[in-house]
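Walk me through this protein model, please.

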Amino acid sequence: MDIGLHLADLTFPAGAPGLADDLTRIVMTAEDVGFARISVMDHVWQIGTIGPPEHDMLEAYTTLGFLAARTSQVQLLAWVTAATYREPGMLAKLVSTVDVLSGGRAWLGIGAGWNAEEARGLGLPFPPTAERFERLEEALQICLQMWGPDDGPYEGQHYRLERTLNAPQSLRRPHPPILIGGGGERKTLRMVAQYAQACNLFANADLEHKLDVLREHCEALGRPYDEIEKTVMFPLDPGEKGENVDAILEQLHRFAELGIGEVHGRVARVWELEPLKLLGREVVPIAAQL
């Protein structure tokens, strides 16, 4: 099992003037202690479960490019991109750029999006739910076409591209891995089975049920269930002196029994670095054996 770091709260004590240095220290430490992936949120305002909208939030793909220059091994992705915030052709180009400049370490993390408040606030596209899911599926198809050998046109219901040329191509072949976030049983998990290399689910009581639904979609589409990596978003707070480590490890064992391949989460007081180092000593090596 891999452990990933989710950078969701960027309001650090040093403020915006220290943010570049703080992020550099954080990601370099996370890589050094064995974290497998680092993600940033694709939001333009802070979300309510973490803080007020006025808290610091950086644009995702600019940030991933910055992180790519300061790391050499960790995988990098937005967790997860709102499909309607960027035209799909440009999204494929953004992920390809991060992949090339990072030496082949980029993923596409994507979902239908949900934050209507920030979208209305900055004038970003945010159609009704059904249309967002239609656009999500077309975005997946466009990205896969742009990462493949066919640079011909794409004609969808919502998007029309005259030529899906993508040069330079991504270094990761056949394409950067795709992670689809969300547990919608009818649409989201069906798209995971059809298009993705990984899913992301929450550590709720219905986790096992969601995995069963994904398995059913895989069977219906003829896709091997084991081809898809199962990831879970789970907070990683080791405690100031490691008092929460045993509880984290107990939960990781439960996840492993369900076939979860990566646990991804926010680390409390991440700017202090010691929580990352503690997780690197006490959690990452054990998780790697699960």
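Rings of Phe, Tyr and Trp (its six-membered ring) make an aromatic pair if their centres lie within 6.5 Å; planes under 30 degrees apart count as stacked, over 60 as edge-to-face and the rest as tilted. By this rule there are two aromatic pairs. One joins Phe12 and Trp271, and is tilted, with 5.9 Å from centre to centre and 45° between the planes. Phe12 sits in the loop between strand E1 (2-7) and helix H1 (19-32), and Trp271 in the loop between strand E11 (262-265) and helix H9 (274-282), so the pair ties together parts 259 residues apart in sequence. Helices (H or I, at least four residues) and strands (E, at least two) are DSSP runs, numbered from the N terminus.

How covered are these rings? Buried means under 20% relative accessible area, exposed over 50%, and partly exposed in between (1.4 Å probe, protein chains only). Phe12 is buried at 4%. Trp271 is partly exposed at 29%.

The rings of Phe234 and Phe255 have centres 5.5 Å apart and planes at 80°, so this pair is edge-to-face. Phe234 is in the loop between strand E10 (229-233) and helix H8 (245-257), and Phe255 is in helix H8, 21 residues apart. Phe234 is buried at 16%, and Phe255 is buried at 3%.

The model is predicted: local features need pLDDT of at least 70, side-chain atom pairs count only at pLDDT 80 or more, and totals for chains, interfaces and linings use all residues. Residues are numbered from 1 along each chain as its sequence is written, and side-chain values use heavy atoms, with hydrogens and water left out.

Next come the charges. A charge sits over a ring if NZ of Lys or CZ of Arg is within 6 Å of the ring centre and within 35 degrees of the ring normal. Tyr225 has Arg215 over its face, at 3.9 Å from the ring centre. Lys230 also lies over the face of Tyr225, at 3.5 Å from the ring centre.

Charges can also meet each other. A salt bridge is a side-chain nitrogen of Lys or Arg within 4 Å of a carboxyl oxygen of Asp or Glu. The whole structure has 15 salt bridges. One of them joins Glu185 and Lys210 (3.3 Å, N to O). Glu185 lies in the loop between E8 and helix H6 (188-195) and Lys210 in helix H7, so the bridge ties together parts 25 residues apart in sequence. Glu185 is partly exposed at 32%, whereas Lys210 is buried at 14%. Arg37, Glu229 and Glu262 are linked in a network of salt bridges.

On a 1 Å grid over the protein atoms alone, a cavity is a set of points where a 1.4 Å probe fits but cannot get out, and a pocket is an open set with protein on both sides within 12 Å along at least five of seven lines; lining residues have an atom within 4 Å of a point. Grid points are joined across faces, edges and corners, and a volume is the space filled by probe spheres set on the points.

The largest pocket has a volume of about 830 Å³. Of its 38 lining residues, Trp79, Trp114, Asn200, Phe202 and Met233 are the closest to its centre. Strand E9 supplies the largest share of the lining, three residues. The largest cavity holds about 40 Å³ of space. Its lining includes Leu7, Leu10 and Val40.
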